[in-house]
Amino acid sequence: MADTPQPELVTITLNGVDTEVRKGQLLIDAAEQAGTYIPRFCYQNRLKPVGLCRMCLVEVEGPRGTALVPSCTQPCTEGLVVDSENAVVHKAQEGVLEFLLLNHPLDCPVCDKGGECPLQDHTVAYGPGESRFVEEKRHYEKPIEISDLVLLDRERCILCARCTRFCDEISGDSLIEFVDRGNGTQILTFFDEPFASYFSGNTVQICPVGALTAKPYRFRARPWDLEAIESISMVDSVGSKVSVQTSQNQVLRINGVDSDTTNHGWLSDKDRFTLQAIHSEDRLRVPLVRKDGELVEASWGEALELVAERLGSVRGDEVAGLGAARSTNEEAYTFAKFLRSVVVTPHMDAQLDDALSDEFLAATLNRAEINDLETAGTILVWAGDLKEELPVLYLRVRRAATILGATLIVIHPRRTGLSDVADHVFTYRPGEGADTLRRLKAGDGPFAEARQALDSGPVMTIVGRTGGAEDPRLAESVAAFARTLPDAAIMPLARRANVYGALDMGVSADLLPGRVSVRDTEGRTALEDAWGPLPEGRGKHATEILQGLKSGDLKALITLGADPVGNHPQPALAGEAVESAEFVVSLDTLLNATSARADVVLPVAGFGESEGTATNLEGRVQKLNRIIPPPGQARTTWSVLDDLARRMGATLGAHDAETIMKEIASIAPAYAGIDWALLDWGEGRDGVVLPGPDGTQPLQHMPVETSVTATTGRFTLHLGRVLYDNADVVRNSPSLDVLVQPASAAFHPRDLAVLAVQPGDSVRLAGDYGTVELAVRADESLAEGTVYVQANMDNSRALGASLIVQVDAVRGEGS
Amino acid sequence: MSFMDTIGLGGFKGFAVTFRQIFTKKVTRKYPDEKRQKPQRFHGRHVLNRYEDGMEKCIGCELCAGVCPARCIYVRGADNPPENPVSPGERFGFVYEINMLRCIFCGLCVEACPTTAITMTQLFEMSVTDRQDAIYTKNELLVEPDGTPNHSQPAGPLIDLNELKLSDGWMRATSPAGRAAYEGIPHWPGSAGAGVRPPERGQRSDGGEV
C-alpha cells in the first residue's frame with residue numbers, strides 16, 4: 001500500500017482555544033476530534049455534506065464580522081476563529097429544534113427510535129423546552145411500506161436527506177427521492193417501484209429520527225432493553241464489523257459499525273436480517289441419530305459414542321471431511337487437527353470446488369487489501385457480480401470508482417451491479433474468457449482504452465470465478481496477467497464467510513495450518529512435532545472426495561456446516577456420494593440437504609453463540625464475539641470434536657477457544673503474534689492483516705496462465721449467484737425469504753428468436769450433471785449463445801454447473 | 001417490705017400514662033372486619049386501564065419497565081392488527097408482567113406512563129402461596145372493557161375488589177408540552193368504568209388560577 005502523505009496542518013481557534021487541525025478538514029469533524037461535539041442531523045461522516053438541517057450552525061469570524069455558518073460545510077483554514085457555544089449559537093440551535101418539532105409528532109413512546117434518537121437527545125441538550133406552535137401538525141398516512149423490509153413514516157421525517165444521499169452516493173440504488181415542495185415536502189419512492197435495494201437497511205440505521213424503520217425489528221424491543229457486542233458479519237467473506245444487539249437471549253438487531261478498513265459502517269440487508277435464522281424454529285437443538293431410517297433424538301453420549309465407534313471401525317484415510325468455511329478459525333483448526341491427527345486422513349476441503357484453488361486463495365503474491373481501493377488508479381474486476389456476491393465490497397469498489405475517481409474496468413458475462421459506474425464494461429460468452437483475456441492483453445479493438453488504463457497504476461485486480469460453470473484456471477490466468485501491471489494488487493475472491501480462515505487452518509487437501517503446503521517437508525516436520533504423525537501426501541478435493549465415496553474408496557464423511565448435496569456443482573454426484581457413504585456425520589446448525597441424509601447430526605453453536613476469530617478476504621483476522629447461549633443442547637464445534645477425540649482414545653487439548661488460538665499462533669507461521677487480547681483491546685481492534693507471502697512465509701503462490709481451450713457448444717451456461725437465493729440461512733429468515741425470486745433462463749433476444757420462444761415460455765436445459773425446466777427471460781446484456789441461470793435456487797440446483805448445456809423449447813399443450 | 005416500697009413512687013408515674021390512655025379514643029382497627037380509609041394517592045396494586053371505548057391504553061412503550069428501579073416489569077410491544085386494533089396507534093402492549101415480589105410500589109411506572117395506562121389502586125392484599133402467582137400478567141392487571149378490574153384471587157373478607165377501582169388522578173397534573181404556565185392544569189383521558197377522573201384538591205380543572 002502506498003504511504004499516505006503527511007497532511008498539512010492549520011491552526012484554528014475553537015471556543016478560544018487554539019487547535020491544530022488538518023487543512024481543509026470539515027469544521028464539524030475537526031471540532032469533534034478536538035473534543036467539542038457540534039450537534040447535527042444531516043451530516044454523516046461517510047456522506048457528502050449538504051448543510052440542510054442547520055443544526056450545526058456555529059459562529060465564525062469573517063472579514064465582515066461574525067456570521068453563523070453550518071460547520072458541516074465549512075473547511076478549516078488557517079486562523080479560523082470559531083465559537084460553537086455562545087448565546088447566538090444557542091439561540092440558533094433552539095430555533096432550529098423548535099422549527100423541526102413543528103411537524104415532528106411526539107409519538108416517541110411508540111417510535112422504534114425513541115431512546116436512541118438524535119432528535120430526542122438534541123432536544124434535551126440544546127432545545128428550547130417548549131414550543132410556541134399551537135396549530136395542528138402536518139399529517140400523513142402512518143407508516144407506508146416502501147419495500148418488503150422498510151417502513152416510512154413521513155410525519156416523523158425531518159428532511160435531512162441522509163437516506164436519499166446514501167442511495168445516490170453510496171449504494172447507487174436511487175429509488176427514494178424528495179417530492180413536492182414547501183410544507184408538503186416528503187420522501188417517497190417512485191410510482192410502482194418499491195425501495196428494493198440490497199442496502200435498504202443502512203438508511204434505517206442512519207435515519208436520525210424514526211421515519212425509516214425496519215420491519216424485522218419493528219416493535220421488537222426498545223433501545224434500553226438491548227445488550228450489544230461488537231462482532232463481524234459471517235454472511236460473506238468481507239468481514240464487515242457489526243454490533244449484535246440482543247434482549248432476553250434473542251438477537252434482535254444487527255447494525256453496522258464504522259470500520260475504516262472494511263465496511264465503513266454499511267451492511268447488506270443479508271448481513272442485517274439473516275439474524276432471523278439464528279432463532280429459526282428449525283435450529284438443531286439435540287443430537288439426532290438415524291434409527292430404522294429415521295433421524296431420532298439421542299443423548300450426546302449416545303451420539304458421540306456411535307460416531308467414535310463408526311469412525312474407529314474404518315481406516316483413517318477412508319474418512320473425509322468437508323466444511324468449516326462458515327466456522328471460526330478456532331473451530332476450523334480443531335476440525336483440521338481432528339481429521340489429520342485423530343482420524344489420520346489427508347482428505348478434507350473447506351470449499352466445494354466452486355471457487356478458486358486453495359493455494360491461490362491463501363497465498364497469492366501481491367495480495368491486496370480492501371483499502372488498496374482507496375489509492376488505486378485503475379480497478380479491474382473480473383469476478384462474480386460483486387453486488388450479488390459480496391455487496392459490501394461492491395460498495396467499496398463503487399466508492400473508489402465514483403467518489404475517488406479510479407478507472408473501473410468490469411469484465412463479466414453479463415451486466416453487473418458495477419456496470420453503471422464502470423468506465424469500461426466488457427461482456428463475453430462463458431467459455432471464451434481466455435480469448436477475452438488475450439484480447440485485453442493485446443489491447444485489441446474495443447479493449448484498447450482499457451488496456452491503456454491498466455498501464456497507469458496502482459492497479460487493483462479483483463479476480464474470481466464469474467459463474468459456477470467457468471473454469472477456475474481462467475481466474476488464475478487473469479491474476480497472472482494482473483501481476484505484470486504497475487503496482488499490482490490482487491484480491492482473489494471466495495464468498496463463504498471464513499473460507500480464507502479455514503484454508504489457513506489447514507482444512508484443505510493441499511495446505512497445512514498457517515499457509516504451509518503439504519509438500520513442504522520442513523513445515524510438515526514442524527507440525528508433526530506438535531500434532532504427532534500426519535498422513536502422507538496430498539489429500540482429495542471435494543469432488544474427488546465425493547467420487548471416492550461413490551466408488552467406495554472412501555467410507556465415511558464428516559461435514560461441518562457444509563452442504564455438498566445442496567451446493568456442489570455436481571448435485572447428482574453429491575447426492576449419490578452421500579447415499580453410498582457407509583457413515584455420514586454432520587455438525588451443523590440447521591438441517592440441510594446433506595445433514596438430512598446423515599447418520600448422525602450433531603447440533604453446534606452458530607453466529608453470536610461462539611467466540612473466536614475469522615479471516616476475511618484480505619487476510620484480516622478479526623474477533624467474533626459471543627452474546628447468547630446456543631439453543632437447546634447445542635455445543636461449540638471445538639468442544640464436540642474434543643469430546644469425540646477423547647472417545648477415540650486421543651486428545652486434542654481443546655479446552656477453550658482462546659487456548660486454541662494460542663496453539664494456532666504457536667503452530668501456524670502466518671498467525672504468529674495473533675491473540676485475542678490484541679484483537680479485543682490492542683491495536684488489532686480493526687483486525688490484523690496477516691503477512692502476505694514474502695520471505696518470512698513458507699508458501700507463495702504464483703498465479704499461472706493456463707490456456708483454457710474455447711468450448712464449442714450451442715449454448716454455454718453462466719451460472720451466476722444472486723444475493724437472495726435458496727440458501728438455508730435465507731430460507732430461515734422469513735423477511736428475506738419472501739424476496740427470493742425463482743431461477744429463470746435468460747437469453748439474448750436474438751437467441752430467443754432462434755429458439756422461437758417468448759419470455760415466460762419454458763425451456764429445458766440439459767447439462768452434463770442434470771436437467772431442469774425454467775421460464776425464459778430476455779437479457780440484452782448477454783452475449784449470444786449464453787444462457788444465464790441463477791445459481792443455488794431450488795428450481796435450478798439440479799442443473800449443476802456444466803459449461804455446455806443443450807437448450808430445447810418446451811411446447812406445452814395448446815401452444 | 002411493703003407494697004409501696006416495692007413499686008416506689010416511679011411506678012405510679014409510669015402507670016399514669018397507661019391509665020390515661022384507657023379513657024382516650026382507640027386508633028387501632030379490627031382489620032379485616034373494619035378497614036381504614038386510605039389516602040387518595042395510596043400505592044397499592046397496579047391496574048392497566050382502558051379508554052372509555054374499551055381500547056387498551058397501554059402502547060407497549062416500555063417506559064415503565066425502563067424507569068422501574070426494581071426491574072420488576074417486563075413489557076413487549078407488538079404491531080397493532082389494523083383490522084382489529086387493541087390500542088389506538090401502531091403498537092400495543094403484547095406482554096405485560098409485573099413481579100409483585102420485587103415491586104417496591106414506588107409509583108415511578110405510573111409517573112413514566114405517557115398514556116395513563118398504568119395506575120395504582122388501593123388494594124394491597126396480594127399474599128400468595130406460590131412465587132409464580134406473584135407475577136401478574138395482563139390477565140390480572142388489565143381491566144375488562146367496562147372497567148371491571150381483575151384479580152388473581154376471588155373477593156373475600158380480605159380482598160375487596162372495589163378497591164381496585166380506586167385509582168388516583170394526579171399523574172397528569174402538568175401540561176404535556178411541559179410549559180410552566182400550564183402547570184397544574186389536569187389533563188388526562190377518561191378511563192373505562194371511571195370516566196374522566198376529577199382533579200385533586202389544589203389542581204385546576206378550568207385552566208384558571210387555583
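Q: How much area do chain B and chain A bury between them, and what share of it lies on carbon and sulfur atoms?

A: The size of an interface is often given as the accessible area lost when the parts come together. Buried area is the accessible area (1.4 Å probe) that two parts lose on being put together, summed over both. In this predicted model, chain B and chain A bury about 1,500 Å², with 47% of it on carbon and sulfur atoms.

Q: How many residues does each chain bring to the contact?

A: Contact means heavy atoms within 4.5 Å. Here 18 residues come from chain B and 22 residues from chain A.

Q: How many salt bridges and polar contacts cross the interface of chain B and chain A?

A: A salt bridge is a side-chain nitrogen of Lys or Arg within 4 Å of a carboxyl oxygen of Asp or Glu. A polar contact is a pair of N or O atoms within 3.5 Å; within protein, one must be able to donate a hydrogen and the other to accept it, and residues adjacent in sequence count only if both atoms are side-chain atoms. The interface of chain B and chain A has 5 salt bridges and 7 residue pairs in polar contact, both residues being at pLDDT 80 or more. One salt bridge joins B:Arg76 to A:Asp225, with the closest N and O atoms 3.1 Å apart.

Q: Which elements of chain B give two or more residues to the side that touches chain A?

A: Helices (H or I, at least four residues) and strands (E, at least two) are DSSP runs, numbered from the N terminus. The elements in question are helix H2 (63-67) and strand E2 (73-79) of chain B. Strand E2 of chain B gives the most, with 5 residues. Chain B has 4 helices and 5 strands in total, in the order α-β-α-β-β-α-β-β-α along the sequence.

Q: Where do A:Asp643 and A:Arg647 lie, and how many residues apart are they?

A: Both lie in helix H21 (residues 637-647) of chain A, 4 residues apart, which means that about one helical turn separates them. A:Asp643 is buried, at 12% relative accessible area, whereas A:Arg647 is partly exposed, at 32%.

Q: Which residues form a nonpolar patch on the surface of chain B?

A: Patches are made of residues with over 30% relative accessible area and no salt bridge: like charges are joined within 9 Å, nonpolar side chains (Val, Leu, Ile, Met, Phe, Trp, Tyr) within 5 Å. B:Phe15, B:Phe19, B:Ile22 and B:Phe23 form the patch, with about 510 Å² of accessible area together, by the Shrake-Rupley method with a 1.4 Å probe, where for residues only the protein chains shown count as cover. B:Phe19 belongs to helix H1 (residues 3-22) of chain B and is partly exposed at 49%.

Notes: Residues are numbered from 1 along each chain as its sequence is written. Chains are lettered from A and ligands numbered from 1 in the order in which they are written. This is a predicted model: local features need pLDDT of at least 70, side-chain atom pairs count only at pLDDT 80 or more; totals for chains, interfaces and linings use all residues. Side-chain values use heavy atoms; hydrogens and water are left out. Buried means under 20% relative accessible area, exposed over 50%, partly exposed in between (1.4 Å probe, protein chains only).
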